[in-house]
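Here is a short report on one protein chain. Have the sequence and the 3D view ready as you read.

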Amino acid sequence: VASSQDAEYSGGDGDSNFTAPLSPSEFQTFQKYVEKEHGIDNISEEDIPVSRAASGSDATTSSQSDPDLDMTWLTSAARAEVEGPSADDIMDDPFVDLMPSDLNPARKVNRKRAKSLPKELLHHNNLSLLRRFVTPGGQIMNRVRSRLGAKDQRKVAKLIKRARHLGLIPHLGQWKLEDHGNIHAKDIQMEKDWEKE
């Protein structure tokens, strides 16, 4: 004995070639899919069987109980992946072009890619520059951490050692760099804000 639902799903006249008609929300989703994937935007309800709004409670409970139709069980990330990125998301996302290799750069810098330090800056009195290439414990940074080319790494290491021997920087630990400007300035005798306690 066939139930009334089976007769409704089969088209009502006993023809068993059709499946259950789509709900209006399913039809809208199908329209979006066909337009996005195949570029066809003129699909109407005459082309595909769409069920009319039945009793409201039955329609909502049937779609909520069927996990294939209802995507509320998915996490938000999975739902976004199923739906695909929208054009606004692509425009707003700064990491669209980011590749995994960008997050893990080469350990050492190739000399052709390394930007050389200007010769004017390389001096043992330039403590602000030397401080950038010394660890908090006072060790000279290696090339992986300093991101210098081999030639500049040797120059900076030599300058740090020279400044250590001259007593400009300590051999161990951090140091504080105080630059008070030109000592031959006219207002050298006036008390500055940094000198007041």
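## A leucine in a loop

Start with Leu98, which sits in the loop between helix H5 (87-92) and helix H6 (100-103). Is Leu98 buried, exposed or partly exposed? Its relative accessibility is 37%, so Leu98 counts as partly exposed. Buried would need a value under 20%, and exposed one over 50%.

Leu98 also belongs to a patch. Together with Phe95 and Leu103, Leu98 makes a nonpolar surface patch of about 340 Å².

## The chain as a whole

This is a predicted model. The protein chain has nine helices and zero strands. Read from the N terminus, its elements run α-α-α-α-α-α-α-α-α.

How many residues does the protein chain have, and what share counts as buried? There are 197 residues, and 18% of them count as buried. The chain exposes about 16,400 Å². Carbon and sulfur atoms supply 52% of that area. Now take the contacts with a separation of 6 or more: residues 24 or more positions apart account for 51% of them.

## How confident is the prediction?

The protein chain averages a pLDDT of 76. A score of at least 70 is reached by 72% of the residues.

Over residues 1-12 the pLDDT is below 50. Beyond near neighbours in sequence, that stretch has eight contacts in the model. Residues 54-60 also stay under 50. For residues 54-60, the model has zero contacts beyond four places in sequence.

The largest nonpolar core has 14 residues. Leu117, Leu122, Leu130, Phe133, Val156, Ile160 and Ile169 touch the most other members. Helix H7 (127-131) and H9 are the elements that give two or more residues to this core. H9 gives the most, with four residues.

Look at Ile160 in detail. Leaving out residues up to four places away in sequence, Ile160 touches Leu130, Phe133, Val134, Ile140 and Ile169.

## A proline in a loop

Pro49 is found in the loop between helix H2 (24-38) and helix H3 (56-65). Its relative accessible area is 39%, which means that Pro49 is partly exposed.

Which residues does Pro49 contact, leaving aside its neighbours within four places in sequence? They are Pro21 and Leu22. Compare the position of Phe27, which is 22 residues away from Pro49 along the chain. The C-alpha atoms of Pro49 and Phe27 are separated by 9.1 Å.

## An arginine with a positive phi

Finish at Arg147. Its place is in the loop between helix H8 (143-146) and helix H9 (150-165). Its relative accessibility is 37%, so Arg147 counts as partly exposed.

What is the phi of Arg147? It is positive, about 60°, although Arg147 is not a glycine. Most residues other than glycine have a negative phi.

Methods. Residues numbered from 1 in each chain as written. Predicted model: local features only at pLDDT ≥ 70, side-chain atom pairs only at ≥ 80, totals over all residues. Heavy atoms only, no water. Buried < 20%, exposed > 50% of the residue type's maximum accessible area, 1.4 Å probe, protein only. Contact = heavy atoms within 4.5 Å. Areas by Shrake-Rupley, 256 points an atom, 1.4 Å probe, with all protein chains shown as cover. pLDDT = per-residue confidence, 0-100. Core = buried A, V, L, I, M, F, W, Y, C linked by side-chain atoms within 4.5 Å. Patch = residues over 30% accessible without salt bridge, like charges linked within 9 Å, V, L, I, M, F, W, Y side chains within 5 Å. Salt bridge = Lys/Arg side-chain N within 4 Å of Asp/Glu carboxyl O.
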